[in-house]
Amino acid sequence: MNRLASRLPAIVEQHQKQIVDTWVQQQLESGTWRAGRLQETQLRDEAERFLELLSKTLKSGISFEPRSPQWADVREFLSELSRSRAAQGFSPTQVATFVFSLKQPLFALLRSFPDDAETVANTMWEATLLLDALGLYTTELYQLARESVISRQQEELIELSTPVVELWPGILALPLIGTLDSDRTQVVMETLLQRLVATGSSIAVIDITGVPTVDTLVAQHLLKTVAAAQLMGADCIISGIRPQIAQTIVHLGIDLSSVATKASLSDAFALALKRRGLSVTSAATQSAHRA
Amino acid sequence: MDRVPILRLGDCLLVTVQVDMHDQLAMTLQDDLTNKIVDTRARGVLIDISALEMVDSFIGRMLGNIAAMSRILDARTVVVGMQPAVAITLVELGLSLPGIRTALNVDAGLALLRTMLARSDFGGHAD
Amino acid sequence: MLIEPATLPVRSGEDVVRVRQTVRTVAMDLGFSLVEQTKVITAASELARNTLTYGGGGEVRIERLNEGPKRVGLRLTFEDRGPGIQNIELALTDGYTTGTGLGLGLNGARKLSHEFDIWSQPGVGTRVTITRWK
């Protein structure tokens, strides 16, 4: 494809207004148009801006490859268009159709020129490749946007499902429930450390009663979290280790000697209190002493 | 050239380490601190690293040196305010900062210093 | 879209600071989490200090990697024309209790990176490349 010899830039530039008029008219008449959701004035404005950018970029003549830097402005425009159309409830197909539908008025125009058949065919082919690539680009944008929404929701879910609670001033508890995967464990552990700093708590009880199995990766994350907490000046107690998990830990060769462990959360809490110089006494005993 | 500020809190010194220490600053800090410990007869040193976004082996060594130097001058050192991301990275690095006691914040650090000093004054050698 | 690699000098304490700040900015821009950023800046700091202290000064090349939607990363190449490392194997196996600053720094950077590559020739120089993926 010899870009320098292409008729496309000149044709687009010289007949911009005519192309926009035909294009807008065609879109208004088409079945995919939903009047009321999009004003005609807005449609016309978008069509004009797109043609303007298209013409400018084609004129610079360096490349017809929409992924190259010269096409950044056009891509930026399509990106904004996708966003605003999506917000207005249009599907990705409808947004892509906006671009694809430009072919019709363009081809009609090309056929009206007295060029030879080969030139017309070549120019149509260039336009097809270009507009197909741009149309597909808008669907990619849509996919990327959806993916980022999903991953953000996943993060929020993780945060919501593993709350860190304050058992007592200075003592935090992290009851882990369900199977832990590597990613979730990392996020949860980082949250615990942040909460230790935020609350100024010096002890965290990590309870794994609700965790059916622990694999090497998860155990490593647990141990790293304990080590990190210790580096920061806090301590961790792991509670709720069930017999099967104890066996797994030994079989995997994991060394828990640097961590305090307790069978139950309440034992762990008692230990935490003791470490902070506190104890729980019975009120009846107290009043008996006073008497 | 800027210097790291050293504040006096009773018989303790509070050092607030700012971000992005380079070698020269670290050397100057060690000099200033040892001098001040002697001048003020400080018994405790609190190093606040809450502004440090990163602790590498160099800074780890510097902290270790400060703790060791202070110890020789009969002062105890506690490092406070380590950020979680820094702690996680140190664990990954395998740096354990041996000989350095830590606490979550200045208050906890002061309380820890009191405990350490009380223990050492009454016969404990293991600090 | 590819952004050209940036090269920064590593010839002074201030340069080391600037390298950390630049790596931080690029890592943030690439969407690295806070912990990920901290790991890569710490690795960069180790290598930058090595370049300065043992390599007599040099430079670092910072490259963004984009090999697909889920394959985004950061590559740092530290290069100097210093004395080189006599025995790389030994330097890399130095334990933390006995290691010199050089070994500590190299090992540290290796532990914090997904990919680690080192080339060194005594009398010629040293080049260390680390990569961290998002």
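Biologist: Which residues of helix 3 of chain B meet helix 2 of chain C?

Modeller: In this predicted model, helix 3 of chain B brings Ala85(B), Val86(B), Ile88(B), Thr89(B), Glu92(B) and Leu93(B) to the contact. Their partners in helix 2 of chain C are Leu34(C), Val35(C), Thr38(C), Lys39(C) and Thr42(C).

Biologist: At what angle do the axes of these two helices cross?

Modeller: The axes of helix 3 (residues 84–93) of chain B and helix 2 (residues 34–53) of chain C cross at roughly 55° and come within 9 Å. An angle of 65 to 115 degrees would count as roughly perpendicular, and one under 35 degrees as roughly parallel. Helix 3 of chain B and helix 2 of chain C are therefore oblique to each other. The crossing of helix 3 of chain B with helix 2 of chain C is right-handed.

Biologist: How many residues does each chain give to the contact between chain B and chain C?

Modeller: The size of an interface is often given as the accessible area lost when the parts come together. Here the description is by residues: 21 come from chain C and 16 from chain B. On the side of chain C that touches chain B, the elements giving two or more residues are helix 1 (13–29), helix 2 and helix 4 (101–111) of chain C. Helix 2 of chain C gives the most, with nine residues.

Biologist: What pattern does chain C follow along its sequence?

Modeller: Chain C has four helices and five strands, arranged in the order β-α-α-β-β-α-α-β-β.

Biologist: How does the radius of gyration of chain C stand against that of a compact globule?

Modeller: For 134 residues, a compact globule would have a radius of gyration near 14 Å, and chain C agrees with this because its own value is 14 Å. Along the principal axes, the C-alpha atoms of chain C fill a box of roughly 40 × 25 × 25 Å. Of the 134 residues of chain C, 38% count as buried. Among contacts in chain C with a separation of 6 or more, 63% join residues 24 or more positions apart.

Biologist: Which residues have the most contacts inside the largest nonpolar core?

Modeller: They are Ala204(A), Val205(A), Met232(A) and Val45(B), in a core of 100 residues. Beyond its neighbours within four places in sequence, Met232(A) is in contact with Leu193(A) and Leu196(A), and also with Met82(B), Pro84(B), Ala87(B), Thr102(B) and Leu104(B). Another core, of 26 residues, lies apart from the largest one and includes Ala47(A), Phe50(A), Leu58(A) and Leu78(A).

Technical notes. Residues numbered from 1 in each chain as written. Chains lettered and ligands numbered in written order. Predicted model: local features only at pLDDT ≥ 70, side-chain atom pairs only at ≥ 80, totals over all residues. Core = buried A, V, L, I, M, F, W, Y, C linked by C-beta atoms within 7 Å. Buried ≥ 20, exposed ≤ 12 C-beta atoms within 10 Å, placed from the backbone. Contact = placed C-beta atoms within 7 Å. Rg over C-alpha atoms; globule rule 2.2 N^0.38 Å. Axes fitted to C-alpha atoms, helices over the stretch in contact; angles between N-to-C directions. Parallel < 35°, antiparallel > 145°, perpendicular 65-115°, else oblique. Left-handed = near helix turned anticlockwise from the far one by under 90°.
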